[in-house]
Amino acid sequence: MATASASASWEELTLKVKWSGNEYTVRVCCDDTVGELKRRICELTNVLPLRQKLLYPKLASKLSDDSLFLSQLPLNSSLKMTMIGYAMPLRSRFVSHFYY
């Protein structure tokens, strides 16, 4: 039984995230956290994790907990969620990194 749960934790999920009229494909593992999901979304959209709000029916409150493991959520590869947030201009991200 330990082998089955270990293989399930390494299962890769391909999620679709809609934002600003575009749809992005994000690949994550079940043992990743919501915070890691947000970091991967940031790589695609330039929306910083702190500025992201992920929306999916019945999961919105759980998707705000960055420490929660994705394996604790009822996710599957056909899932499509919506993100609300805005990308900071490159200069603002550079300045805020060094001065805040």
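# Exercises on a predicted model

Lysine 58 is exposed, at a relative accessible area of 84%; buried means under 20% relative accessible area, exposed over 50%, and partly exposed in between, with a 1.4 Å probe and protein chains only. The model is predicted, so local features need pLDDT of at least 70 and side-chain atom pairs count only at pLDDT 80 or more, while totals for chains, interfaces and linings use all residues. Residues are numbered from 1 along each chain as its sequence is written, and side-chain values use heavy atoms, leaving out hydrogens and water.

## Exercise 1: Confidence

Find where in the protein chain confidence is lowest and where it is highest.

**Solution.** 
- Step 1. pLDDT is the predictor's confidence in each residue, from 0 to 100. The protein chain averages 84, and 79% of the residues score at least 70.
- Step 2. Confidence is lowest in helix 1 (residues 2-9), with a mean of 44, and highest in helix 2, with 97.
- Step 3. Over residues 1-9 pLDDT stays under 50, and the model has three contacts beyond four places in sequence for this stretch. Contact means heavy atoms within 4.5 Å.

## Exercise 2: Elements and sheet

State how many helices and strands the protein chain has, and give the order of the strands in the sheet.

**Solution.** 
- Step 1. Helices (H or I, at least four residues) and strands (E, at least two) are DSSP runs, numbered from the N terminus. The protein chain has three helices and four strands, and along the sequence they follow the pattern α-β-β-α-β-β-α.
- Step 2. The four strands form an open sheet with mixed pairing, in the order 2-1-4-3. Two strands pair if DSSP finds at least two bridges between them.
- Step 3. Strand 2 (22-29) and strand 3 (53-55) are the edge strands, each pairing on one side only.
- Step 4. From one strand to the next the twist averages 35 degrees. Axes are lines fitted to C-alpha atoms, for helices over the stretch in contact, and angles run from 0 to 180 degrees between N-to-C directions.
- Step 5. Strands of a sheet pair through backbone hydrogen bonds, either parallel or antiparallel. Strand 1 (residues 12-19) and strand 4 (residues 80-84) pair in the parallel sense over three bridges, with methionine 81 of strand 4 as the bridge partner of valine 17.
- Step 6. Strand 3 and strand 4 pair in the antiparallel sense, also over three bridges. Here lysine 53 has isoleucine 84 of strand 4 as its bridge partner.

## Exercise 3: The two faces of strand 4

Which side chains of strand 4 point to one face and are buried, and which point to the other?

**Solution.** 
- Step 1. The side chains alternate along strand 4.
- Step 2. Met81 and Met83 point to one face and are buried.

## Exercise 4: Helix 2 and leucine 37

Which strands does helix 2 touch, and is leucine 37 buried or exposed?

**Solution.** 
- Step 1. Helix 2 (residues 34-45) packs on the sheet and touches strand 1, strand 2, strand 3 and strand 4. Its direction makes about 140 degrees with that of strand 2.
- Step 2. Leucine 37 lies in helix 2. Leucine 37 counts as buried because its relative accessibility is 0%.
- Step 3. Not counting residues up to four places away in sequence, leucine 37 touches Leu15, Val26, Val28, Leu54, Leu70 and Met81.

## Exercise 5: Two positive phi angles

What phi do serine 20 and lysine 58 have, and where do they lie?

**Solution.** 
- Step 1. Most residues other than glycine have a negative phi.
- Step 2. Serine 20 is not a glycine, yet its phi is positive, about 55 degrees. Serine 20 is in the loop between strand 1 and strand 2 and is exposed, with a relative accessible area of 56%.
- Step 3. Lysine 58, also not a glycine, has a positive phi of about 70 degrees. Lysine 58 is in the loop between strand 3 and strand 4.
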